[in-house]
Amino acid sequence: MSLHIGFPTALIYYSHFPFWQAYFNRLGVEVVTSSPTTKAILDDGAREAVADACIPIKLYHGHVLALKDKVDAIFIPRMVSLNRRTTFCPKFLGLPDMIRATLAKLPPIIDLQVDAGRNFWGLWPTCRGVAELLGFSRRLAWNAYREGSHYQQAFQGLLLKGYLPLEALAKLRGEPIEPAPLRPGSLNLAVLGYPYQVYDGYISLNIIAKLRKMGVNILTLEMVPQARLYRLSRRLPRRLFWHFSSLVVGATYHYLQQDDLDGIIHITAFGCGPDAMVDKIMELDIRNYKQGRIPFMSICIDEQTGDAGVNTRLEAFVDMLLQRRAATR
Amino acid sequence: MKKVSFAHMGYSYLGFKQLVEDMGFEAIVPANPSPATLDLGVQYAPEFACIPFKTVLGTYLEVLNRGAEMIITSGGVGPCRAGLYGLLHEKILRNLGYNFEIFIFDPPLTGLVPFFWKLRRVLKETRLSWLAFIDVVRRAWAKLKLLDELEQMATATRPYEIKRGATTSAFNQCLEIVDRARSSKEIAAAGEECRQLLQSVPRDEERRPLRIGIVGEIYVLLEPFMNLDIEKTLGEMGVITNRSIYLTNYTTTDVLAHGTEDIRQIAHPYLNQFVGGHGQSSVGETILYARNGFDGVVQLAPFTCIPEIVAKSILPRVSRDFNIPVLSLTIDEQTGRAGVETRLEAFVDLLRQRREQMEARSNAALLPGY
């Protein structure tokens, strides 16, 4: 029987899962993911996690709890950096330690460090370490690493083509899925935020699906090459320290340069540290840009946020955009 | 003369006042933060910024309204948000229509060249030579060191004082004496005078105060307004407090160097990664306090402070493993004095009972057969 390794369906699942799935599969290890978020998972996480953590971190605790009895080990990489310029939010840096200190009776945790900014080897040192830990040869690890990189690239390619992360994951699994076409004449809305917050159907209250139902074209930060986002984020006098924050700020500047943009929505979590800065920067810079003619809405979500409230705000925002359009034509 | 101001952080404003004035600027000394300062900051700050951000923003608004033209502040290296505060403060204040210069000094080790360029630009404004500047810094540093020493003396004296509040009033006198001293000689003399003043507070040496360590984020630790005078409150309950951070020792270990190695080593089994701010130190210092036989630890964290959230989720386990009670206090603009005092009283009561129980048990072990 092969080894089963748990991968919680939260945080980096939405940005890095294809790499690790392909890597582990090539090693002959079964990757078990937790089910998509449910109320029970979130409640479990919120009960166990430290009270002032943000909702994605609480959710991660919930997903680990959902996995812990089904797997031989849980993979919680310590995400430190992916490039020289930025690191991850401190909660990512301390994540394995937080999980270990908070949750009891866990299977072994594989918590190797991902610190790709330190040298030019990228994820390879982490992969080598994981293989050593599990007792696989370095040669096999290298092949698995190559395969993981290949899948990750395919994933990024799909995202650039307009797939949302969950759609791209399904496409990689071989399901026949096409990205939602951009309809000319519809509203173009940039929906920005951290992938683990925006694409988790439960904690984002399906904002993207709701907007699509209203006939809106959705633009996300994954649809722009990361190098461009990083370049644009340098417009700030000082670079933001965090990877995802740099992407969000870069995407804000990118979409502000597009002529046919109708509005920007920022989805953020209650108590998110980096977003306290990012949200204010977005608010001020969007106002300064184009004489403040781009409407901006920030939606802050916690475990109490209700569906109806968000519906009302989205409908009002979209109605307002439609009226503006009718008035300018 | 250019009017220069800075953030208010504990009693360090006396040192910075001297620094700025000796450099040839006019110092706009920030007033002690008050609820009005905080309200002002809260009004314009992002909702989830931590309370230091809001207080500092409020202070800047106050000093700018009093006519400050230049603000000197510190930066940071991340991943704690404090490193970006200068940037966002500037953006918010400019957006409100204020016109001023801001100099954000990052720790010199992260970039010596930009550090010296900025310093040169500041010095050019005052036509101060480098040599004279070094002397100015040395005297300000001596003052900051003296202030830290006096604060430590005051906390060590307070639990023994016979008349409640005597230490605090002596300490306030000390602040005035220190403020008047300017030259190295005067500062040394002021130091002597203040030490004597604090030593002459009538003390009851019979008492056996509890010992509590205080860990957490530097700004809430240093600024009595924000930690609701926790050291004074605990001191007057008869507790010796030991704070893990003082401005001058923090500057020498963490700003001018890469942190104290042993704290990281100690924290290693629980938090094996620098998480920015004081997250790792909070864990390490707690273990250190436990080893040194302290009765308990209080963690002070601003609401939404990321490194302290990481530490807070780990501390319960440290507390279990090392058998030391830990009280985590999260502070934001809604925190009330009475609520904090009640919690502190309960915590101190718990520690007293715990000590009595432990002593009773060890006495029983000493006298078998009774």
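Which residue takes a positive phi of about 110° just after helix 7 of chain A?

Guide: That residue is G162(A). This is a predicted model, in which local features need pLDDT of at least 70 and side-chain atom pairs count only at pLDDT 80 or more, while totals for chains, interfaces and linings use all residues. Residues are numbered from 1 along each chain as its sequence is written, and chains are lettered from A and ligands numbered from 1 in the order in which they are written.

Helix 7 of chain A covers residues 138–160; helices (H or I, at least four residues) and strands (E, at least two) are DSSP runs, numbered from the N terminus. Its 23 residues reach 33 Å from the first C-alpha to the last, close to the expected 33 Å, where the expected span is 1.5 Å times one less than the number of residues. Its buried residues are A141(A), A144(A), Y145(A), G148(A), Y151(A), Q152(A), F155(A), L158(A) and L159(A); a residue is buried if 20 or more other C-beta atoms, placed from the backbone, lie within 10 Å of its own, exposed if 12 or fewer, and partly exposed in between. An α-helix has 3.6 residues a turn, so residues three or four places apart point the same way. The cover over these buried residues includes helix 1, helix 6 (124–134) and helix 8 (165–172) of chain A.

The largest nonpolar core holds 204 residues, a core being a set of buried Ala, Val, Leu, Ile, Met, Phe, Trp, Tyr and Cys residues joined through C-beta atoms within 7 Å. Helix 1 (residues 13–27) of chain A gives the largest share of this core, nine residues. Among the residues with the most contacts inside the core are Y23(A), V191(A) and L300(B).

L300(B) takes us into chain B. Leaving aside its neighbours within four places in sequence, L300(B) is in contact with residues that include I214(B), G216(B), V220(B), N227(B) and I331(B), contact meaning that the C-beta atoms, placed from the backbone, lie within 7 Å.

Strand 5 (residues 210–216) of chain B has six of its seven residues buried. Five bridges join strand 5 to strand 6 (residues 239–243) of chain B, running parallel, and five join strand 5 to strand 7 (residues 296–302) of chain B, also parallel; strands pair if DSSP finds at least two bridges between them. L210(B) has V239(B) of strand 6 as its bridge partner, whereas the partner of G213(B) in strand 7 is V297(B).

In the loop between helix 9 (218–222) and helix 10 (230–236) of chain B lies L228(B), whose phi is near 55°, a positive value in a residue other than glycine. L228(B) counts as buried because 20 C-beta neighbours lie inside 10 Å. D229(B) belongs to the loop between helix 9 and helix 10 of chain B and has a positive phi of about 55° although it is not a glycine; D229(B) is partly exposed, with 16 other C-beta atoms within 10 Å.

Finally, the two chains meet in a contact of 32 residues from chain B and 31 residues from chain A. On the side of chain B that touches chain A, helix 14 of chain B gives the largest share, nine residues.
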